[in-house]
Amino acid sequence: GIIIDTLSSSIGALQSSISNNGKMTQQFYGNLKLSVDKMLKKMSKLPGALIVTIHAADKQTDDGTFTMKPQIDGSSKDEIAKWFDFVIYADTIPKGKGMEWVWITKKTPKYYHAKDRTDLLPPIMEQDFQPVLQAARDMKFQAFKVLIIGAPGSGKTRCLQTLINKEKGE
C-alpha cells in the first residue's frame with residue numbers, strides 16, 4: 001500500500017507551481033481543480049491500499065453552524081470524497097480530564113464528506129486502521145482508498161501506527 005501524509009502539502013506545492021507569483025485568478029483556480037482531479041484520478045487507479053491524510057479546518061456556514069472542510073483552495077475541497085472508498089474524519093472528544101482521539105465515519109452536517117462504502121464501521125470509533133482493513137477484506141475489495149481528514153492535532157499522523165497489526169506482527 002501507499003501512504004500520503006499529507007495531501008495538503010502536495011496540493012500546496014502544485015498550487016505554487018501554477019500560480020502567478022502567488023496570486024490565484026479564476027483561471028488558475030480552474031487549472032488547480034483540473035490538476036488536483038487528474039492527480040486523484042491517477043491515485044484512484046493504484047492497486048492495493050491507498051491511505052491519504054489531509055488537513056482541515058472548521059468553516060462557519062451561512063446558518064451559523066460549522067462544517068469541517070479540507071484545506072484546499074478552490075472547489076476541489078467540495079468534491080474530494082468522490083475518489084475514496086472511506087472518508088474518515090479525525091477529531092478529539094472530551095474524556096474525563098483529557099481528550100480521546102476518534103474517527104467519524106458517517107456523514108453529518110459537520111462531517112459532510114464522511115463515508116464508508118462497506119457500511120461496516122460504527123459512526124464513531126477509536127482511531128484504529130484494523131477495523132477499516134477488516135471491512136475492506138470482508139467486502140473483498142481488491143484495492144481501496146482511505147482519506148483521513150482532520151485539523152492539526154486530531155491524530156491524522158498518529159493513527160498511521162495502527163496500520164501495523166501488533167497481534168499478528170503485520
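**Helix 1 against helix 2 in a predicted model**

In this predicted model, helix 1 and helix 2 cross in a right-handed sense. Leu-7, Ile-11, Leu-14, Gln-15 and Ile-18 are the residues that helix 1 brings to the contact, and they meet Phe-28, Asn-31, Leu-32, Ser-35, Val-36, Met-39, Leu-40 and Met-43 of helix 2.

The geometry of the pair can be stated in a few numbers. Helix 1 covers residues 7-18 and helix 2 covers residues 26-44. Their axes lie 10 Å apart, and the angle at which the two helices pack is about 135°. Because of that angle, helix 1 counts as oblique to helix 2; an angle has to be over 145 degrees to count as roughly antiparallel.

The two helices belong to a chain with 4 helices and 8 strands. Read from the N terminus, the order of elements is β-α-α-β-β-α-β-β-β-β-α-β.

Turning to the chain as a whole, its C-alpha atoms occupy a box of roughly 50 × 40 × 25 Å along the principal axes. Of the 170 residues, 42% are buried. When contacts between residues at least 6 apart in sequence are considered, 62% of them join residues at least 24 apart.

Technical notes: Residues are numbered from 1 along each chain as its sequence is written. This is a predicted model: local features need pLDDT of at least 70, side-chain atom pairs count only at pLDDT 80 or more; totals for chains, interfaces and linings use all residues. Side-chain values use heavy atoms; hydrogens and water are left out. Axes are lines fitted to C-alpha atoms, for helices over the stretch in contact, and angles run from 0 to 180 degrees between N-to-C directions. Angles under 35 degrees count as roughly parallel, over 145 as roughly antiparallel, 65 to 115 as roughly perpendicular and the rest as oblique. A crossing is left-handed if the near helix is turned anticlockwise from the far one by less than a right angle, and right-handed if clockwise. Contact means heavy atoms within 4.5 Å. Buried means under 20% relative accessible area, exposed over 50%, partly exposed in between (1.4 Å probe, protein chains only).
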